[in-house]
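Q: I'm new to this one. Can you walk me through it?

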Amino acid sequence: MLDGAKLVAFVATTDLERSDDFYGGVLGLHHIETTPFANVYDVGGTTLRVTLVQQRIPAPSTVLGWEVADIGATVATLTAGGIAMKRVDGIGQDHSGIWTAPVTESGALRGASGGARIAWFEDPDGNVLSVGQMDP
């Protein structure tokens, strides 16, 4: 039913100005507008609404992710911009915070030459974001 509909992504913030400094400034997303309720960005043709909430309830996993062509360069740029990569216990990330996913027997993960490579970081509200290179 929604297969042809345009996706709109949402993430919560308790401070619109601080979130714009991060999403518009640090991440360099194209800011479309600010309303009393949200900062709105165009992210590769998808609308992202960073929505103002009174209290953010932490999600137990990643809320937004970007597929990138070169994860090493992307992580280096994010780190140089002051973003710390998130460490996840027990998954064996490299020195930059990049994890290489195992290739399954069924080939379910793309990147059969070693698996997808993913790194996580947080926005100022503690939302977990990721960057991933699916075909290393």
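A: A definition to start: buried means under 20% relative accessible area, exposed over 50%, and partly exposed in between, with a 1.4 Å probe and protein chains only. Also, this is a predicted model, where local features need pLDDT of at least 70, side-chain atom pairs count only at pLDDT 80 or more, and totals for chains, interfaces and linings use all residues. Residues are numbered from 1 along each chain as its sequence is written, and side-chain values use heavy atoms, with hydrogens and water left out.

Q: Start with helix H2, then. Which of its residues are buried?
A: Ile71, Val75 and Leu78, in a helix that covers residues 71-80. Helices (H or I, at least four residues) and strands (E, at least two) are DSSP runs, numbered from the N terminus.

Q: Why do they line one face?
A: Because they fall within an arc of 65° when seen down the axis of H2. The arc is that of the directions from the helix axis to the C-beta atoms.

Q: And which residues are exposed on the other side of H2?
A: Thr77 and Ala80.

Q: What covers the buried residues of H2?
A: The cover includes strand E6 (85-86), E8 and strand E9 (128-133).

Q: How about the ends of H2? What caps the N-terminal one?
A: Asp70 does, with a side-chain oxygen 3.2 Å from the backbone nitrogen of Gly72. A polar contact is a pair of N or O atoms within 3.5 Å; within protein, one must be able to donate a hydrogen and the other to accept it, and residues adjacent in sequence count only if both atoms are side-chain atoms. After H2 comes Gly82, with a positive phi near 95°.

Q: New topic: the four-stranded sheet. What order do the strands take?
A: E1-E4-E3-E2, in an open sheet with mixed pairing. Two strands pair if DSSP finds at least two bridges between them. Strand E1 (8-13) and E2 are at the edges with a single partner strand each, so one side of each has no neighbour in the sheet. From one strand to the next, the twist averages 25°.

Q: In which sense do E1 and E4 pair, parallel or antiparallel?
A: Parallel, over six bridges, with strand E4 spanning residues 46-52. Phe10 stands opposite Arg49 in E4.

Q: And E2 with E3, parallel or antiparallel?
A: Antiparallel, over four bridges. His30 has Asp42 in E3 as its bridge partner. A hairpin of three residues joins E2 to E3.

Q: What lies across that sheet?
A: Helix H1 (residues 16-26) lies across E1, E2, E3 and E4, at about 15° to E3. Axes are lines fitted to C-alpha atoms, for helices over the stretch in contact, and angles run from 0 to 180 degrees between N-to-C directions.

Q: Where is Thr35?
A: Thr35 sits in the loop between strand E2 (30-34) and strand E3 (38-43). Thr35 is buried, at 19% relative accessible area. Its side chain reaches the backbone nitrogen of Phe37 at 3.0 Å. Leaving aside neighbours within four places in sequence, Thr35 is in contact (heavy atoms within 4.5 Å) with Leu16 and Arg49.

Q: Last one: how many aromatic pairs are there?
A: Three. Rings of Phe, Tyr and Trp (its six-membered ring) pair if their centres lie within 6.5 Å; planes under 30 degrees apart count as stacked, over 60 as edge-to-face and the rest as tilted. Phe22 and Tyr23 are edge-to-face, 5.1 Å centre to centre with 90° between the planes. Ring pairs link Phe22, Tyr23 and Tyr41 into a cluster.
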